[in-house]
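Open the model in your viewer and show the side chains. The tour below goes from one selection to the next.

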Amino acid sequence: MSLNYDQAIEKYEPTLGLEVHVELNTKSKMFCGCATEFGAEPNTQTCPVCLGLPGALPVVNKTAIESSILIGLALNCSIAPFSRFARKNYFYPDMPKNFQTSQYDEPICINGFLDVEIETYEGNKVFRIDIERVHMEEDTGKSLHVGGSTGRIHGAEYSLLDYNRAGIPLVEIVTKIVPNTGKYAPQVARAYVAALRDILRGLKVSDVKMEQGSLRCDVNLSLAPSGSGELGTRSETKNVNSLRSVETAVSGEILRQANRLQSGEKIVQETRHFLEESGETRPGRSKEKAEDYRYFPEPDLVPVVPDNKWIEELRKTLPEKPADRRKRLQSEWSVPEKEMTAMVNAELLDTVEETVKLGADPTKARSWWLGEISRIANERDVVATELISVTAVAQIINLINQGELTDKLARQVVDGVIAGEGTPADVISKRGLKVVSDDGALMKAIEDAIAAQPDTAERVRGGNIPAAGALIGAVMKATGGQADAAKVRELLLKHLGQ
Amino acid sequence: MSAISREEVANLARLARIEMSDAELDHLSGEMQVILGAVARVQEVASADVPPTSHPIPVNNVVREDAVIPSLSPTDALSGAPASSEQRFKVPQILGEAE
Ligand SMILES: [Zn+2]
């Protein structure tokens, strides 16, 4: 009989550890001037340095160091006064040098923390995630395994290597062990990666596209009997590449390990691979033969010794923390918690903010982006901002506020702009979308409505204001939605002596 | 005094992908013992106020601006490769290990 999640959590206490790799968005690589474009033709972004040709000498990218320091500062780390690169030696063709230049015992940033908040049935809870280190390294090349049926190593006849990615600056952010998350371990892991992603995005140091691999997460997990205070043997699940997968990888490992322990088996310290399709993990290489990378200081690079002046200059450029910004905007715009979360999850917070900066009403900006525009974007499977510009949306909202457009007309303008008919002004003039603001025409429609529904009109005259809705509706219908409902209401009530 | 065992030498040879005969291992264990002995003597001389160094010249923070310079053409990049295919380096089947 196997344990379900609740039973597993009752018997065992999970301990997490998370390693996140983030590719920086520098123009050039970590140690050479090769471009870092994603998706370029194979081996078009390589040189003697990143190919490890004899005699080639690396020089560190200054922006990469600054981005790493910024990440450290944003994560409340100390910046090491002295930091060095090391060679991590291994034989595997994804690195043509036969080693990866990384940092070992002297990382650039140490001892930080990040607070993450999760929603639970018992209200919101904050968990502090302690950061062990932030270090600099370089990404590896991409292998293509040919001959095997599945594109995997097993059964492959040979492998093909593209070194465009080899040498792209990579920053690894490692947490200390994260204890006491209990049943919330999967959500805490996800919230941490999401919060980290928001911070990195705010710092503008990375594209943080999990689906393109510019943000990758390794999940370490161990279980110990509840209340034992012990630390169990951990497994490491590699390359978990979406937020949802982080959550599933953690809950899946809790279940797998709990059931192994329950049946008296031992947990093997090993690397496991996350299977995106099934959400399960399968064993990779076993760590019984402890990896021996024979790290030693990189003789071709000199130490990185950031002085206080440099660090303080960088600190001044730190943007507002994403959590603070979220709270500030929520109060400035008076947005309910649920809608704020929806906006953040839809990754439209920046877009809405830009729209508001162009003079649009925050509530309207939010409802247009999350409503109509997102709906069309979902239908077409594209990103909302690819459909229509912030400027166009702001113009449309401003026209609504000025009474030039009704919501119904505005929807047609949005459709027109998306269809490529030009700016909102172009669409309005080409399609002849204009609010009927001519009082004479409106009065005619109002009188018609009253004549058609004399009883309703009588009730309004008698003080039953809500009854006016039916008359307003009739007027709107008669004017094909091109009238401003507020204006109709005003004229109608006045006409009926209210 | 550091010591290196024959097993450790054999392990290093395995990690470095160098095949060694028993005779070579015996021989090299002795030689490495001598080298480590020399290093140990330097360690004795170095007092606590001498930090370990990885670089002979005392310079720090040598950096370059983040600017792209032209890369090799794929043809040049692949010119030294023993084998290539589809504009990629072609390597023999990779055994075991991770993906
Ligand atoms: Zn290069």
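This is a predicted model. Start by selecting A:Arg431 and A:Glu421, which form a salt bridge whose closest N and O atoms are 2.7 Å apart. The two residues are 10 apart and link distant parts of the chain: A:Arg431 is in helix α13 (residues 424–431) of chain A, and A:Glu421 is in the loop between α12 (407–418) and α13. A:Arg431 is partly exposed, at a relative accessible area of 34%, and A:Glu421 is partly exposed at 24%.

Next, select A:Arg375 and A:Glu379. Their salt bridge has its closest N and O atoms 2.8 Å apart. Both residues sit in helix α9 (residues 362–380) of chain A, and because they are 4 residues apart, about one helical turn separates them. A:Glu379 is exposed, with a relative accessible area of 58%, whereas A:Arg375 is partly exposed at 41%.

Move on to A:Glu247 and A:Arg190, a salt bridge with 3.0 Å between the closest N and O atoms. A:Glu247 belongs to helix α4 (residues 243–262) and A:Arg190 to helix α3 (residues 185–203) of chain A, so the pair ties together parts 57 residues apart in sequence. A:Glu247 is partly exposed at 24% relative accessible area; A:Arg190 is partly exposed at 30%.

Now select A:Glu320, A:Arg325, A:Arg328, A:Glu332, A:Asp350 and A:Glu353, which a network of salt bridges links. Over all chains, the count of salt bridges is 38.

Finally, go to chain B. B:Ile57, B:Val59 and B:Val62 make a nonpolar surface patch of about 230 Å². B:Ile57 is in the loop between α2 (22–45) and β1 (63–64) of chain B.

Terms used
Residues numbered from 1 in each chain as written. Chains lettered and ligands numbered in written order. Predicted model: local features only at pLDDT ≥ 70, side-chain atom pairs only at ≥ 80, totals over all residues. Heavy atoms only, no water. Patch = residues over 30% accessible without salt bridge, like charges linked within 9 Å, V, L, I, M, F, W, Y side chains within 5 Å. Areas by Shrake-Rupley, 256 points an atom, 1.4 Å probe, with all protein chains shown as cover. Salt bridge = Lys/Arg side-chain N within 4 Å of Asp/Glu carboxyl O. Buried < 20%, exposed > 50% of the residue type's maximum accessible area, 1.4 Å probe, protein only.
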